[in-house]
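Subject: Structure handover

Hi,

Here is the structure I promised to pass on to you. Please open it next to this message, and then read on for what turned up.

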Amino acid sequence: MKKSMFALAAAAVLSTLPVASYADDMFAFNVGAVSDYRYRGISQSRLKPALQGGVDATLPGGFYVGTWASTIKWIEDTGTVLGFDAGNANVEIDLYGGYKQEIVKDLSFDVGVLQYWYPKNKLGDAPLGAFKNANTTELYGALTYGPATLKYSHALSNTFGNPDSKNSYYLDLSATFEGPWGLTFTPHVGRQKIKGPYDPVATYTDYSVSVAKEVVKGLTVSLSAVGTDADDTWYVTPAGKFTGKKAAVLGVKYAF
């Protein structure tokens, strides 16, 4: 991960904070690594490890902002497959902000906006307009009742470079359960709808089950079983490997 990119993203988020003095505990930082960066079931890192990190700020009244970054390979790979220069876009930076509150006991909501930013990406240079700029903006809304969360994300722009894909969406359901020995179990299922000329080939369902444990204060280790029903000729690496295949993903994250 390029430190300058991460610093720029953090500065952009923190510059939105009102001028005031906030306690240190209003900021939460995290760094980590995964054996494969899977997002909505699809590998963003060519089925290889990725470095990740982020910072969140909790504001008064239920508001929050944050940024998160990860190393990636998929934009470079798209250029390789199509035979053009897609840019040296080896980092994804997410910038987000929102508002969440409890409605009644055990029922809460969360709404916000999320910008996926891929510095130096030239995906829009694809021949014959096959792809557009990879940067993507989504609005999201979620309801959480007890351990379960239902979330809907709606694209205000083209979605991850797919042409004419504005108003694509992702709907997912997940839950978090506490188990024995301090383990946390999280089942998940989601549906990614990609509108435009690449529908239905780019549309798919993903699913996963994760187990995590905080092994020491702030350090969490996780193991996830991930899979999709995505098209195995569409979501591929330059070597032809299916990026939505079933796999086990190991992760480690330190929060402070």
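How many bridges join β6 to strand β7, and in which sense do the two run? There are 11 bridges between β6 and β7 (residues 107-117), and the two strands run antiparallel. Before going further, please keep in mind that this is a predicted model.

**The strands around β6**

On its other pairing, β6 (residues 91-104) is joined to β5 (residues 63-71) by nine bridges, again in the antiparallel sense. Aspartate 94 is a handy place to look at both pairings. In one direction, aspartate 94 of β6 stands opposite tryptophan 68. In the other, aspartate 94 has tyrosine 116 of β7 as its bridge partner. The hairpin of β6 and β7 has two residues between the strands, and aspartate 106 takes a positive phi there, near 75°.

Threonine 71 also belongs to β5. Its relative accessibility is 17%, so threonine 71 counts as buried, the cut-off being under 20%. A polar atom of the threonine 71 side chain lies 3.1 Å from the backbone nitrogen of leucine 51.

**Aspartate 36, arginine 38 and serine 43**

Next, please have a look at aspartate 36. Which side chains make polar contacts with that of aspartate 36? One is serine 43, at 2.6 Å, and another is arginine 38, at 2.8 Å.

Serine 43 sits in strand β3 (residues 42-43). With a relative accessible area of 4%, serine 43 is buried. Its side chain also reaches the backbone nitrogen of leucine 47, at 2.8 Å. Leaving out residues up to four places away in sequence, serine 43 touches Asp36, Tyr37, Arg38 and Thr243.

Arginine 38 lies in strand β2 (residues 38-39). Is arginine 38 buried or exposed? Its relative accessible area is 13%, so arginine 38 is buried, again by the limit of under 20%. Besides the contact with aspartate 36, a polar atom of the arginine 38 side chain lies 2.9 Å from the backbone oxygen of glycine 41. With residues up to four places away in sequence set aside, the residues that arginine 38 touches include Ser43, Leu47, Val226, Thr243 and Gly244. For glycine 244, the C-alpha atom is separated from that of arginine 38 by 8.4 Å, although the two residues are 206 apart along the chain.

Helix α2 covers residues 74-82, and its buried residues are Trp74, Ile75, Asp77, Thr78 and Gly79. An α-helix has 3.6 residues a turn, so residues three or four places apart point the same way. Just after α2, glycine 83 takes a positive phi of about 75°.

Isoleucine 75, in α2, has a relative accessibility of 0% and so counts as buried. Not counting residues up to four places away in sequence, isoleucine 75 touches Ala86, Ala89, Tyr118, Asn121, Leu123 and Ala134.

β3 and α2 each supply at least two residues of the lining. By type, the lining divides into 15 nonpolar, eight polar and four charged residues.

That is everything from my side, and I hope you enjoy looking through it.

Best wishes

Key. Residues numbered from 1 in each chain as written. Predicted model: local features only at pLDDT ≥ 70, side-chain atom pairs only at ≥ 80, totals over all residues. Heavy atoms only, no water. Pairing = 2+ DSSP bridges. Helix = DSSP H or I, 4+ residues; strand = E, 2+ residues; numbered from the N terminus. Buried < 20%, exposed > 50% of the residue type's maximum accessible area, 1.4 Å probe, protein only. Polar contact = N/O pair within 3.5 Å; in protein donor to acceptor, adjacent residues only side chain to side chain. Contact = heavy atoms within 4.5 Å. Nonpolar A, V, L, I, M, F, W, Y, C, P; charged D, E, K, R; others polar.
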